[in-house]
Amino acid sequence: MPQPVAVLGTGKIGEALLSGMIRAGWAPADLLVTTRRSERAAELRTRYGVEPVSNADAAKQADTLILAVKPQDMGRLLDELAPHITPDRLIISAAAGITTSFIEERLADSTPVVRVMPNTPVLVDEGMSVISAGSHATAAHLAHTEEIFGAVGKTLRVPETQQDACTALSGSGPAYFYYLVEAMTDAGILLGLPRDKAHDLIVQAAIGAAVMLRDSGEHPVKLRENVTSPAGTTINAIRELENHGVRAALIAALEAARDRSRELASGNNS
């Protein structure tokens, strides 16, 4: 693995990557971090044994730079990094909506860039990180990116043209499940259960269903049919979901998320 690696912008996602890399075998001495606040830098040094540096020093010293800043800060960061980055560096962007071409245009010719869309379950090592190559990224660069993000979950390679769709499904995906759990918990209260018991029942049902989807190899329709007996409780509930257009609403919601991702990528932040 090329060394060292620098994480620029060590917020929640950046720190999750840092922690996962150390657990996966990276030596803290080979990891650099950047952060705006000195107290945050001291916290990261104490917690992980890594060395906080300036953005310019990270660009000079690291072979791989992970840009984990907010999208609106990316242009300013690239202006700061550009004088110090040579084409033998690998740039990995984890900023939502920022295209590889946006980064490539601001750096030296032929600089390899990889775009990654992680989601928040990277915080518990159950993330999904969607990876796309820029114009100059090779298979080796993609493999190295997978090695890094594989420390905090699963990875999936897609063409960059599919990133907006993946953002709608995966990047925003956890929020939809939280929304569903919230609604089902409220239903449990309406049905007479205390909130804590309703919450525990729904969360464990969600975990169990997810593990069955992952491990059984069965189509979700088959798994649903296994729970749906004739004239039973489940089919009555599903009828109400269909009557209220839940399936159509979900499809429309994901299309709206995809469209907004496209807008952000084009620079429309309003």
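Visitor: Where does Asp125 lie?
Guide: Asp125 sits in the loop between strand 6 and strand 7. Helices (H or I, at least four residues) and strands (E, at least two) are DSSP runs, numbered from the N terminus. The model is predicted: local features need pLDDT of at least 70, side-chain atom pairs count only at pLDDT 80 or more, and totals for chains, interfaces and linings use all residues. Residues are numbered from 1 along each chain as its sequence is written, and side-chain values use heavy atoms, with hydrogens and water left out.

Visitor: Why is Asp125 called partly exposed?
Guide: Its relative accessible area is 30%. Buried means under 20%, exposed over 50%, and partly exposed in between (1.4 Å probe, protein chains only). Asp125 is therefore partly exposed, at 30%.

Visitor: What is the phi of Asp125 near?
Guide: Phi of Asp125 is near 60°, a positive value in a residue other than glycine. Ala231 also has phi near 60°, positive in a residue other than glycine.

Visitor: Why is Ala231 called exposed?
Guide: Ala231 has a relative accessible area of 78%, so it belongs to the exposed class. Ala231 is in the loop between helix 10 (220–227) and helix 11 (233–243).

Visitor: What makes Ala137 buried?
Guide: Ala137 has a relative accessible area of 16%, and therefore counts as buried. Its place is in the loop between strand 7 (127–133) and helix 6 (139–149).

Visitor: Which residues does Ala137 touch, not counting residues up to four places away in sequence?
Guide: Ala137 touches Pro112, Val113 and Val114, where contact means heavy atoms within 4.5 Å. Ala137 and Ser110 are 27 residues apart in sequence, and their C-alpha atoms are 8.7 Å apart in space.

Visitor: How many of the protein chain's residues are buried?
Guide: Buried residues make up 38% of the 270 residues. Among contacts with a separation of 6 or more, 62% come from residues 24 or more positions apart. The protein chain has twelve helices and eight strands, and its C-alpha atoms fill a box of roughly 70 × 40 × 35 Å, taken along the principal axes.

Visitor: What makes a space a cavity, and what makes it a pocket?
Guide: On a 1 Å grid over the protein atoms alone, a cavity is a set of points where a 1.4 Å probe fits but cannot get out, and a pocket is an open set with protein on both sides within 12 Å along at least five of seven lines; lining residues have an atom within 4 Å of a point. Grid points are joined across faces, edges and corners, and a volume is the space filled by probe spheres set on the points. By this rule there is one cavity of 30 Å³ or more.

Visitor: Which residues line the largest cavity?
Guide: The lining is Ala95, Ala96, Gly97, Arg115, Val116, Met117, Gln163 and Thr167. Strand 6 (113–117) and helix 7 are the elements that give two or more residues, and strand 6 gives the most, with three. The largest cavity holds about 30 Å³ of space.

Visitor: How many residues line the second largest pocket?
Guide: The second largest pocket is lined by 39 residues, of which Gly9, Ala68, Val69, Lys70 and Asp73 lie nearest its centre. Helix 1 (12–23), helix 4 (74–81), helix 7 (163–171) and helix 12 (246–265) are the elements that give two or more residues to this lining. Helix 12 gives the most, with four residues. About 950 Å³ of space lies in this pocket.
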